[in-house]
Amino acid sequence: MLLRNRAVVALGLRMCSSHVTKGPLADAVKHSSDMSEFRAGVSAESGVPTFRGKNEKWRKWLSQDLATPEAFSRDPSRVWEFYHYRRELVMNKKPSAVHLALAECEARLKKQGRSVVIITQCIDDLHRQAGSKHVLNVHGSLMETRCMSCGHVSVNKRSPICAPLKNKGDPGPDVPDAQIPVDKLPRCEERECNGLLRPNVVFFGETLDSHILTKVEKEIETCDLCLVVGASSIVYPAAMFGPRIASRGVPVAEFNIHTTPKSEYFMYHFQGPCGTTLPQALAQHESEVF
């Protein structure tokens, strides 16, 4: 392994704007696909749909039109149906080979005094289900709620999250809205607050959690190896993590089914399904000392 002390892994689904800035960020490098040299869409492989392509619409609305503060304020019942549908999908999925390989690698390297930090835009809980301990969710989590009144954040894995949402959320284009009264939607149980809960995810148009970003910045500045896995090379803010790390002269390896607008900046690019390429890259190397 090239990792000496600290590695970051940037992963993500296409959950937000995928525009790409133009202009060089650093001198382009000729990347390698030599796996042996290196060794000296992650949730999508678990069957979790993204906000793009055939899953871009829920009923007759674009996902980007539902996952906004304005949409939640205007019609919290509809938005909760949408997120309830996504929560139930995630609860029925299992970690992929990628999730498991990352968790195993983290646990193995921890015994050697080295650390692996996962920085992800995925809002499912699959990394933690797989056993990863050091996970930074820059877009929040489907399995958490935040109170609109008191701000309390808590893990919530109830299924359904509230009784009126049971069997609701069907994405079919002709399915009518449930129109659940706001007082029957998920409510805060903290100190009898009873405020309206919302999914603790970053809606389109919202800023990212500054506390999480501070931790991300620290990892970007201190790591000595970076793996960019899945769509992170074209989705912001993670699209900038790899190039920034590469600009420090740190090895960056990209794992994707195709090249991306950022591939030219990285030392390594391994093309193919991440569930195949990443476990091979993270398998125990003969040089590892326990």
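A salt bridge is a side-chain nitrogen of Lys or Arg within 4 Å of a carboxyl oxygen of Asp or Glu. The legends below describe close-up views of a predicted model.

**View 1. D177 pairs with R59.** The closest N and O atoms of D177 and R59 are 3.1 Å apart, and the two residues form a salt bridge. D177 sits in the loop between β7 (153–155) and β8 (197–201), and R59 in the loop between β2 (57–58) and β3 (61–62), so this pair ties together parts 118 residues apart in sequence. R59 has a relative accessible area of 5% and is buried.

**View 2. A network of salt bridges includes R59 and D177.** Its members are R59, D75, R78, E81 and D177. Side chains of opposite charge can pair when their charged atoms come close. A search of the whole structure finds 12 salt bridges.

**View 3. E288 forms a salt bridge with R108.** Their closest N and O atoms lie 2.9 Å apart. The pair links distant parts of the chain. E288 belongs to the segment after α9, whereas R108 is in helix α5 (residues 97–110); 180 residues separate them. E288 counts as buried because its relative accessibility is 8%, which is under 20%. R108 is buried too, with a relative accessible area of 6%.

**View 4. R198 forms a salt bridge with E206.** The closest N and O atoms of this pair are 2.8 Å apart. R198 is buried, at a relative accessible area of 4%. E206 is partly exposed, at 25%.

**View 5. Four residues carry a "binding site" annotation in UniProt.** The unreviewed entry lists N256, I257, H258 and C274. They are spread over 19 residues of sequence, yet they cluster in space. The largest C-alpha distance among them is 10.6 Å.

**View 6. I257 lies in a loop and is exposed.** The loop runs between β10 (252–256) and β11 (268–271). The relative accessibility of I257 is 53%, so this residue counts as exposed, the cut-off being over 50%. Leaving aside neighbours within four places in sequence, I257 contacts Q271, G272 and P273.

**View 7. C274 lies in a helix and is buried.** The helix is α9, residues 274–282. C274 has a relative accessibility of 3%. I257, by contrast, is exposed, although the UniProt entry lists both residues under "binding site".

How values were computed: Residues numbered from 1 in each chain as written. Predicted model: local features only at pLDDT ≥ 70, side-chain atom pairs only at ≥ 80, totals over all residues. Heavy atoms only, no water. UniProt positions renumbered as here; feature names shortened; annotations may be inferred. Helix = DSSP H or I, 4+ residues; strand = E, 2+ residues; numbered from the N terminus. Buried < 20%, exposed > 50% of the residue type's maximum accessible area, 1.4 Å probe, protein only. Contact = heavy atoms within 4.5 Å.
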